[in-house]
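Good morning, and thank you for coming. I would like to take you through the charged contacts of one model and then through one of its pockets.

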Amino acid sequence: MAIEHARARALPKPWGVLDRRPWSDANHDGGAIGEIWYERPDNAAADPSLLLKLLFTSQPLSIQVHPGDAFARSMGLPNGKTEAWYVLSAAPDAKIALGLKRPLTPQQLREAVEDGSIADLVVWRAVSADDVIFVPAGTIHAIGAGLVIAELQQRSDATFRLFDHGRQRTLHIESAIAVANAGPADFQVRPEQLTAERTLLVSSPHFVFERIDLAPDSAWCLEAERETWLLVLSGRAIAGPFDLVTGDAIFAQSDRVDIHAGPTGMVGLGAYTGGGPVSHLLQRVGQLGAIDGDAPQPAQTPIVLPRAENVTATSKPMDLSR
């Protein structure tokens, strides 16, 4: 049983930003921060299955692909990396890339990586705040400049780069070819309203991602049967013993979390391990402690499954940062 105030760990990146408000006002020696990882506060605690993070981009990130579970395990890693993005803010010209304009054979993909033409073959799409993108393992993808993104992923650093915008870092050509679905990808994600407070963003075998909107001065019970994360996007709330504001997160597992939304309410992102949405995840609590809201009804979920993967490992990633 656990209810913990997550530790926010900032990671310097050359493509990061100096001003991370309202998500963080911590000063890191004036350096650019590209990622904030939410972690359990006790270093001795078991690693969670999921990693929730914020990304801040002032430059485009590398074009890359992640392996699925089978390929990752053939390399000695515990699991692969499927991820989902929720766009928090976007500059007017901000874009993300997902998939290729046309299918490529392994040899064509190798040639495109070697001569750099892969940069012209990825499909870029403009994005704006509140957009949701699902990135199954094997999907070639990239994140452009001018974005703040909340990313949920399987906890893994397995990344194979195909193009790096002149940064001179190692490319992982053979491994990328082995795991990539070298063709078009599906941008379409259809969020679905589960209850008045819960919007299902993505449901996959690995995780469920939701947006949670709590009314001002309302009280709730969060049933964290599975590994569960809650990140505050706006407003304020007291969750268990913790006072949460924008950019704060909690981790809970096998426990119940009492949540009291502040006078302006609370908007957040909820994430938990897969198996489909939990119908009773969030229940409203009356003044006398009784449940006074209707129980959430099961809904048809926008499940998107990764395509089949090649399970023959050819090389290991050397530099796993974005």
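I shall begin with the conventions, continue with the salt bridges, and end with the pocket.

This is a predicted model, in which local features need pLDDT of at least 70 and side-chain atom pairs count only at pLDDT 80 or more, while totals for chains, interfaces and linings use all residues. Residues are numbered from 1 along each chain as its sequence is written, and side-chain values use heavy atoms, with hydrogens and water left out.

Let me turn to the salt bridges. I use the term for a side-chain nitrogen of Lys or Arg within 4 Å of a carboxyl oxygen of Asp or Glu. By this rule the model has 15 salt bridges.

One of them pairs Arg7 with Glu39, with an N to O distance of 3.3 Å. Arg7 belongs to strand E2 (residues 7–17) and Glu39 to strand E3 (residues 33–39), so that distant parts of the chain, 32 residues apart, are linked. Strands here are DSSP runs of at least two residues, marked E and numbered from the N terminus.

How accessible are these two partners? Arg7 is partly exposed at 31% relative accessibility, whereas Glu39 is buried at 9%. Buried means under 20% relative accessible area, exposed over 50%, and partly exposed in between, with a 1.4 Å probe and protein chains only.

A second example is Glu151 with Lys53, at 3.7 Å from N to O. Because Glu151 lies in strand E11 (residues 147–154) and Lys53 in strand E4 (residues 50–57), this pair ties together parts that are 98 residues apart in sequence. Both Glu151 and Lys53 are buried.

I come now to the second largest pocket. On a 1 Å grid over the protein atoms alone, a pocket is an open set of points with protein on both sides within 12 Å along at least five of seven lines, and lining residues have an atom within 4 Å of a point.

Which residues lie nearest the centre of this pocket? They are Ala8, Trp23, Ser24, Ile36 and Gly247, out of a lining of 15 residues. E2 and E3 each supply at least two lining residues, and E2 gives the most, with three.

Methods. Helices (H or I, at least four residues) and strands (E, at least two) are DSSP runs, numbered from the N terminus. On a 1 Å grid over the protein atoms alone, a cavity is a set of points where a 1.4 Å probe fits but cannot get out, and a pocket is an open set with protein on both sides within 12 Å along at least five of seven lines; lining residues have an atom within 4 Å of a point.
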